[in-house]
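Colleague: I have a model open and want to learn how to read it. Can you take me through the main features?

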Amino acid sequence: MKTATFTKDGKNLLLFIDPKNKSNDTKANEAFIDQLNLIKENINKQFKGKTEISYFGSPVIAVANAKQIKKDIQNTVLISMTVLLVLLIYYFRNIFTPLIIFLPTVFSGLLSLMILYFIKDKISAISLSVGAILIGITIDYALHILTHYKHNNNIEELYKDITQPIILSSATTAVSFLCLVFVRSEALKDLGLFAAITVILSSITALIIVPQLYKPKEDKEKLNTNFIDRIGSYPYEKNKPLIIGCSLIILACLFGFRHVGFNEDIGDLNYIPKELKISEAKLQKLSDITSKSIYTISYGNSEEEALSRNSQLSKFLEKEKKEGKILSYNSVGNIVLSEKDQLKKIEDWQQFWTIDRKTQAMSELVRNGNKFGFNSSAFEDFREVIYKNHSVLTLKDYEKVKALQISEFLSNDNGFYTVSNVVKVNENSRDHFMKDIEKKHDVIAIDRQQMNENFLGLLKRDFSTLINYSLLAIILTIIVFFRNFELTVLTMFPIVLTGIVTAGILYFLGLELNIFSTVVCTLVFGVGDDFSIFLTQAMQKEHTTGKNELPTYRISIILAVFTTILSIGSLIFAKHPALHSLALVALIGMFSVIIITSTLYPFWFRFLIINRAKKGLSPITFRLFIHSVFSFLYYGLGGILFSVFGSFFVRNSKGRTLEIIKLILAKFLTSVLYTNPFVKKKVIKNTSEDFSKPAVIIANHTSFLDTLAIAMTTHKIIYLVNDWVYQSPIFGRLVRALGFYPVSQGIENGMDKLKEKIEQGYSLVVFPEAERSYTNDIKRFHKGAFYLAEQFGLDILPLYIHGNSEVLPKGDFIIYDGSITVKVGSRISKDNPEFGANYSERTKKINAYFRSEFAKLREDLEDENYFKKKLFLSYLYKNSEVVKEVKDDFNNNKSIYYELNKYIPKDAGILHIADDFGQKDVLLTLYQAGRRVFSFISNQERREIAAQNYLVKKRKLHYIKDISEVNKNINTLLVSDRTFSINNIQILPETIILLNLPGTDFDHDDYTLKFSSESLKVFKTK
């Protein structure tokens, strides 16, 4: 016992105990507290109603916290782990499954410690204890492997499907943990290093060990055999109410996540039993022991300087106490004085006790003492005091007075002296007192709680920085693996949303983060990262092969969520505030992870990538989307302005003014094309054509951009348009004011209006195909344009538009990279007999002439690289090995494929014996859309990948499992598979082509070699 004191009323005795062990040594203090409890219970029982013992202090709180944590773990985690083990054994039908799952984690953890032994001489123990949270991440790798192995029962397929996502997941998680080295905490730096090594080793050891120990049943069990399979197989991404509900939650969380608080008072995370709270309340009534303590420290480079400052401080504290600004203070400042202050006190003493005053005082004492019977020698001690020559006391002299406990207040470190004081203040007065005392005195004021709060505040800012670093590191890692910006963004989408939703839900529930729950956020972050990567792999595989393996991936994710919820989330029932908050954040985070990854992520991936391919639309990049949106916004806003204001001027303008307005409109339409710098624009002019003489202008029609392309040639035109253009909310009013004519009203009904425009010098623009084509083939011409030319006596002026079918295909809204070329053809005179005597004959002959001229233009413009971007886009977002092979194949053989195109008719029926991913078939139909290709790829996986190309929906591409499935006439056999023998085909077509088969020849009496090179051989029937 250190000291004891009674309260003023004499009813309470306060005992101050200084335990032998430190407060944080709970194991040693537990025995002491147990003994104290026993004494308390015995005395309270013995003297019940007369007296009562209670106690309070930091060692007691520490022991109470340790006991409660232990009790919570026993009551929740052990039970939950038992449930988890039963669940895993039930699902995998293997009693050793839990051992298999935890083995890589245990092994990698021990191996990490061994590696750290050689890297660092010591490591923080707390970092290892917090590192236990890694179990929630590392066992997921084993769960993913087991789930996939259970469903496909093929170890080769297992490693092919699971290796990349596991390595990528562990790499991103390890990189994010390594970012802890930037945090101002040695323990967290150690944690980052330990966690990074453990995560990487866990993934590698899981890939090596788990498939060797777990053997799935040979007989393939049907899916949905248990409730976990049924949960995983449900298509959450197709549940519209669920999608809408999740979207609304995310929108709400976007407004709340920034406002989630951070509790910097670590005291709130202590568990204080009810009886200790009662004891604390008693102490608060009896004294200021539990009040806010502030340490004020006077300092100096010498003992003299420090003591002098402390004396001044003591005077200030005494004044503050009298004024009620502080409750009390404990200081040696009024007793332990500096040499200067002592000399001043001695001087004051000597000035007061003059010789006369001393003599008078002694004589008065003796005289009056005699009256009361005191002997004259009774006052000798007093006489010695007033006549003594006082000297300055040193610290050693003060230390002789044990009651002062000088060592508790004074300290010296390398010549720097400090004197400590303890001040008790109200919570509300703390900040004002600290600012006031530091401003008026050369002292340092320390509030331990505030120091904790400041440290936690710094740690909070460090975690914010850590999140930024982690996100950047994860993005860079995913880019390196996927080598695709869009896939990286899609993969990061659930990770970022998980953080937003978790923080948002905490805000709306009125909860705050703290130091413990923030660490759990790293678990949620890591788990969300892993789940997102695995789902990207699943969706990418579906996009590549058409196989929907999302249920398998989702089951492994659900099992991982179960393990986390059962191991950490079960602590939600804990009474300890720290464990409870940790579990609460874990539950909210895991809820956010599973909802976002299972629902929204597959929905958006399918919407943006997979469903486009199913509709026959090309995959797109983020840049293409942004450029397209910008171009259409520019077109739409400009169109509205022209329609609102331009129509007014057009109706009130004639002659030169009207022509200027139309010129401005033409320039605007042309400018729309120039909003995209990745689309080249070119006009091939005809020197003999200036559009001064009215004509019926005919052009091929494949794209919405055709009208914009025609505007590059002339503005003196009137379009015959469809109703949707005539009634357009954007251009409708202007179109009507300009005199454009809707063909739905019948040409005969508009002859007078058209004649009026022709007389004004305008040409009529007609798309004789009547509607847009999906390909660059010229379709059959309708007679309307040629009927008008005959009725008005006008020439026919062909305009050949090339490239729009690739830049903006029909049915799409994306403007792709490419080139647009408009060629002004030669005018066909109305009197030219070569094209027929009437409009019916001219329709057919000019149609044939147009096709011929357009084919020549294509031949001039389309080189071996023309369809390169379109080909590569068709394989965008497929597995990296597929993309690489397609690109390498094209880059190495593009000249050969370009040459090959010349030997195959544009409407050929082709049987292709191949071993690729369908890229040659795609090129053949891009060159000529009229070709019909039956492609036989013996490798099932390659055939499935080829069949998933979006162009299969738009071109005549058929991928067959057997040659007998060919149901159309075949006139060309193309062989590019080295393993195939032509002898396997009973009836040979008229043309046989060997592609990239060096050393292979074809010897047949009915065929002759028409062309031969190292990579290409063409045989035709004699």
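Modeller: We will go from the whole chain down to single residues.

Modeller: This is a predicted model, so local features need pLDDT of at least 70, side-chain atom pairs count only at pLDDT 80 or more, and totals for chains, interfaces and linings use all residues. Residues are numbered from 1 along each chain as its sequence is written, and side-chain values use heavy atoms, with hydrogens and water left out.

Colleague: How many helices and strands does the chain have?

Modeller: Helices (H or I, at least four residues) and strands (E, at least two) are DSSP runs, numbered from the N terminus. Here there are 34 helices and 23 strands.

Colleague: What share of the residues count as buried?

Modeller: Buried means under 20% relative accessible area, exposed over 50%, and partly exposed in between, with a 1.4 Å probe and protein chains only. In this chain of 1022 residues, 50% count as buried. Take I137 in helix α5 (residues 135-152). I137 is buried, at 1% relative accessibility.

Colleague: What share of the contacts comes from residues 24 or more positions apart?

Modeller: A contact means heavy atoms within 4.5 Å. Of the contacts in the chain with a separation of 6 or more, 74% are between residues 24 or more positions apart.

Colleague: Now a strand. Which strands pair with β21?

Modeller: Two strands pair if DSSP finds at least two bridges between them. Strand β20 (residues 972-975) runs parallel to β21, over four bridges. Strand β23 (residues 1016-1021) pairs with β21 in the antiparallel sense, over five bridges. There, L994 stands opposite K1017.

Colleague: Is β21 enclosed or open, and why?

Modeller: Strand β21 (residues 991-995) is largely enclosed by the rest of the structure, because five of its five residues are buried. Check both faces. T991, I993 and L995 are buried on one side, and I992 and L994 are buried on the other.

Colleague: Next, rings. How many aromatic pairs are there?

Modeller: Rings of Phe, Tyr and Trp (its six-membered ring) pair if their centres lie within 6.5 Å; planes under 30 degrees apart count as stacked, over 60 as edge-to-face and the rest as tilted. That rule gives 32 aromatic pairs. Y635 and F704 have ring centres 5.4 Å apart and planes at 90 degrees, so they are edge-to-face. Y635 lies in helix α22 (residues 622-651) and F704 in the loop between β11 (695-699) and α24 (706-710), so the pair ties together parts that are 69 residues apart in sequence. Y635 counts as buried, at 13% relative accessibility.

F1002 and F1019 are also edge-to-face, because their ring centres are 5.3 Å apart and their planes at 75 degrees. F1002 is in the loop between β21 and β22 (1007-1012), and F1019 is in strand β23, 17 residues apart. Both F1002 and F1019 are buried. Elsewhere, ring pairs link Y91, F92, Y149 and Y214 into a cluster.

Colleague: Which arginines lie over the face of a tyrosine?

Modeller: A charge sits over a ring if NZ of Lys or CZ of Arg is within 6 Å of the ring centre and within 35 degrees of the ring normal. R309 lies over Y299, at 5.2 Å from the ring centre. R383 lies over Y387, at 4.8 Å.

Colleague: Last, how many disulfides does the structure hold?

Modeller: A disulfide is a pair of cysteine sulfur atoms within 2.5 Å. The structure holds zero. C246 is buried, with a relative accessible area of 6%. C253 is buried too, at 2%.
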